Amino acid sequence: MNIGAGLDTTFYRIDNGLIHWYDLDLPAVIELRKLLIPETDRTACIAKSFLDSSWYKDVKNFKDGIFMTAGGVFPLIQKAQVKQFFSMLADNLPNSEIVFDVQSTLDGHFDVWITQLLPDKQKTLRAAQTEALKSWWQKAPQNQKDALIATLKTHTTPHGTEWAHLKAW
Ligand SMILES: C[S@@+](CC[C@H](N)C(=O)[O-])C[C@H]1O[C@@H](n2cnc3c(N)ncnc32)[C@H](O)[C@@H]1O
């Protein structure tokens, strides 16, 4: 089970031919994921926030715990929400395991690592990110743009100035 899966392809790298895998992310992200990485007979998407305590009910074949990964997800949310999520796991998914990354308290910012690059590399990377987003934004259907804006407003804290350009684009 991949929490905050985005377009992550972990399943295809660890599949032993038997496992059942779930990719959970916010509805707008899952909509895009399904277009690019269709579900199969052993993979399914769950279009919910992991803070929505109903998602575990969508996991079929739950017997004695599940294995979860959460990569690059917890740095996006508040500490209290991470605690709420782990309480929910403890209450509803006993004997499960989760592998996740965390952000050092020394890092005040989600993309702090970019600032550790040399200035010209930072500039190049940020310009490439902005161009990629701009190119997607210009072609995306209005409902996907609306969904992205709604997601950004509700679930994450936008960082950097890229998001400020969305309306202008
Ligand atoms: C930095 S990306 C990491 C994606 C993927 N895990 C990877 O390693 O490539 C963070 C992901 O967490 C998702 N996310 C953020 N808040 C979420 C929430 N409340 N519920 C579910 N997914 C969330 C985002 O939509 C995004 O896809």
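Strand β1 (residues 2–3) and strand β2 pair in the parallel sense over 2 bridges. Helices (H or I, at least four residues) and strands (E, at least two) are DSSP runs, numbered from the N terminus, and two strands pair if DSSP finds at least two bridges between them. The structure is a predicted model, in which local features need pLDDT of at least 70 and side-chain atom pairs count only at pLDDT 80 or more, while totals for chains, interfaces and linings use all residues. Residues are numbered from 1 along each chain as its sequence is written.

Strand β2 (residues 21–25) is mostly covered, with 5 of its 5 residues buried. A residue is buried if 20 or more other C-beta atoms lie within 10 Å of its own, exposed if 12 or fewer, and partly exposed in between, with C-beta atoms placed from the backbone. In a regular strand the side chains alternate between the two faces of the sheet. In β2, Trp21, Asp23 and Asp25 point one way, Tyr22 and Leu24 point the other way, and all are buried.

The largest nonpolar core has 14 residues, of which Met1, Ile3, Tyr22 and Leu24 touch the most other members. Strands β2 and β3 each supply at least two residues of this core, and the largest share, 3 residues, comes from β2. A nonpolar core is a set of buried Ala, Val, Leu, Ile, Met, Phe, Trp, Tyr and Cys residues joined through C-beta atoms within 7 Å. Tyr22 is in contact with Met1, Ala44, Ile46 and Val59, leaving aside its neighbours within four places in sequence; a contact requires C-beta atoms, placed from the backbone, within 7 Å.

A further parallel pair is formed by strand β4 (residues 67–70) and strand β5 (residues 97–100), joined by 4 bridges. Ala70 stands opposite Phe100 in β5. The chain crosses from β4 to β5 through helix α3 (residues 79–92), in a β-α-β crossover that is right-handed.

The protein has 6 helices and 5 strands, which follow the pattern β-α-β-α-β-β-α-β-α-α-α along the sequence. Buried residues make up 14% of its 169 residues. Among contacts with a separation of 6 or more, 61% are between residues 24 or more positions apart.

There are 16 residues around the ligand, and Gly4, Gly6, Ser49, Gly71 and Gly72 come nearest; a residue is near a molecule if its C-beta atom, placed from the backbone, lies within 6 Å of it. The shell around the ligand has 7 nonpolar, 7 polar and 2 charged residues.  Ala, Val, Leu, Ile, Met, Phe, Trp, Tyr, Cys and Pro count as nonpolar, Asp, Glu, Lys and Arg as charged, and the others, Gly among them, as polar.

Trp169 lies in the segment after α6 (142–155). Trp169 is exposed because 12 other C-beta atoms lie within 10 Å. Trp169 touches Lys134, Trp137 and Gln138, not counting residues up to four places away in sequence.

Definitions and conventions
Two residues are in contact if their C-beta atoms, placed from the backbone, lie within 7 Å. A crossover is right-handed if, with the strands pointing away from the viewer, the path from the first strand over the helix to the second runs clockwise.
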